[in-house]
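Q: I have a structure open and I'd like to learn how to read it. Where do we start?
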Amino acid sequence: MLELTPTLDESADAPLFVQLYRYLRAELLSGAIPPGTRLPSIRSLAAHLRLSRTPVAQAYEQLQAEGYLHSRPRSGYYASQLQERSSAMRESPSRTSAPLHTYHARHSDPIEYDFGYGSVDTSQFPISRWHRWLSRCMKQDGGRLLLYGELQGEPELRREIAAYLHQMRGVRCSPDQIVIGAGTYHSLDLLFQLLEGEVQRLAAEEAVNEGIRALLARFRFDCRPLCLEDDGIRIEEVVESGAQAVYVTPSHQFPYGMTLSAGKRLQLLDWASHSGSLIIENDYDGEFRYGGRPIPSLQSMDETGSVVYIGTFSRVLTPAIRISYMVLPPRLMDKFGAFAQRYDQLASPIFQHALSEFMASGDLSRHIRRMRALYQTKQQAITSRIASLLGEQMDMIGAASGLHLLLRDHRSRSEHDLIERARQHGVSVYPVSPYALLPERAAEGTVLLGYGGLTVSQIGEGVSRLADAWS
């Protein structure tokens, strides 16, 4: 068995799972862990390093999502053959020097104003209420939560999520259709395992999160990128693709921010119904919309069981909780039942029970209402400040919902130039090009700004510095 001896520092700024991730990633990239090598199990490595299973599971999950590891049923985790990725997904040379996180600054970076989209406003998190529910479930449970949890997720949480989704997003499902995951990548990894053999060709928006792109490459789907228009994907390309499944972020496309129009939603559902294909709906930022009526989920309009619905609590609460959920249509629930014993539930049973209590008490609904109002104030602050100081230089894209927007430079300066000029003024903004499925379709002269984790005053000063940097 492979012996791993990373240097881990509990006093460091970086969490233990990040330190372990970086160590393993370096070993895999350097070839010190050759392709095909079986890695220690989560349990054995945790015991060897004298850690809990959680940071080891999180590190393995991230490496698997990015394609460095793959799992084999009833066998474990193995090092992937990195050079065999699909050429359409292969990273271009310009990306090899990209930072580890393309969505927020490292804790050690000397950046005063970080417009990372991965940040949320943690100052408003009801920590005392959360602590109360954590303590209560630990006292009442009699030790059950210290053991392995239900493979599908804790029943109490699935009941609360079913009610929450119906109220907030119009989703129609029973608790038995819900599978809990430890983040969106974990949920999608399970889904893609269920789809292997059934789906050979998958169509996806031409720009997706890097972790999604790595998953698509690792499962070796014949992936067909779909052009994005002002109102979402081009439906004609979906029909012409011959795909058995399509991946979309209809509420707030990542990273471009457009919303899939009502007409295209109906067309997409009609295509899925007549072709027998699946729609994978990642309801990214679906809770935060600042103009017009709330837009229901695609799943709420589905009459034929064609939509797989995926969501997470990372944006409405905090990414640290690491709980996602997936609503499977009946035909995939049957497959999950046969597959379940090969599936590892990574979401903490303790957090699942605390979250179910948090939701049942009404604390989550109250928190979301507060955050909507707060984020709308921040959205108005950043859009008005950009219009005032940068309106003649930049176009704003995708600002009507979510917690980020894009700026496109009128003078066609490069993405790299804009980012470096900003950094020299103590501001971090982020690239858009890494999200393109095909490098030749990457947006030019466009950068991403997230504002969820900044105060209104920080937003104002940060945009002022960007105006100085780019003038």
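A: Let's start with burial: a residue is buried under 20% relative accessible area, exposed over 50% and partly exposed in between, using a 1.4 Å probe and protein chains only. Keep in mind that this is a predicted model, where local features need pLDDT of at least 70, side-chain atom pairs count only at pLDDT 80 or more, and totals for chains, interfaces and linings use all residues. Residues are numbered from 1 along each chain as its sequence is written, and side-chain values use heavy atoms, with hydrogens and water left out.

Q: Is aspartate 121 buried or exposed?
A: Aspartate 121 has 11% relative accessibility, so it counts as buried. Helices (H or I, at least four residues) and strands (E, at least two) are DSSP runs, numbered from the N terminus. Aspartate 121 sits in the loop between strand S3 (113-114) and helix H4 (127-140).

Q: What does aspartate 121 touch?
A: Contact means heavy atoms within 4.5 Å. Not counting residues up to four places away in sequence, aspartate 121 touches Met371, Leu374, Tyr375, Lys378, Gly452 and Gly453. A polar contact is a pair of N or O atoms within 3.5 Å; within protein, one must be able to donate a hydrogen and the other to accept it, and residues adjacent in sequence count only if both atoms are side-chain atoms. One of 2.4 Å joins the side chains of aspartate 121 and serine 123.

Q: Which backbone oxygen lies 3.0 Å from a polar side-chain atom of glutamine 352?
A: That of alanine 347. Glutamine 352 belongs to helix H11 (residues 349-360) and is buried, at 0% relative accessibility. Beyond its neighbours within four places in sequence, glutamine 352 has contacts including Gly153, Leu157 and Ile323.

Q: How do I read a helix with a buried face?
A: An α-helix has 3.6 residues a turn, so residues three or four places apart point the same way. Take helix H9 (residues 262-275): Lys264, Arg265, Leu268, Leu269, Trp271 and Ala272 are buried. Seen down the axis of H9, these buried residues fall within an arc of 155° (taken from the directions from the helix axis to the C-beta atoms), so they line one face of the helix. On the other side of H9, Ala262, Leu266 and His274 are exposed.

Q: What do the buried residues of H9 pack against?
A: Their partners include helix H8 (235-241), strand S10 (278-282) and strand S11 (307-312). After H9 comes glycine 276, with a positive phi near 75°.

Q: Where is valine 308 found?
A: Valine 308 is in strand S11, and it is buried, with a relative accessible area of 0%.

Q: How do strands make a sheet here, and in what order?
A: Two strands pair if DSSP finds at least two bridges between them. Four strands form an open sheet in the order S13-S14-S17-S16, with antiparallel pairing. Strand S13 (394-397) and strand S16 (430-431) are at the edges with a single partner strand each, so one side of each lacks a neighbour in the sheet. Five bridges join S14 (residues 404-409) to S17 (residues 446-450), and leucine 407 stands opposite valine 447 in S17.

Q: Which strands does helix H13 touch?
A: Helix H13 (residues 415-424) packs on the sheet, touching S13, S14, S16 and S17.

Conventions:
Axes fitted to C-alpha atoms, helices over the stretch in contact; angles between N-to-C directions.
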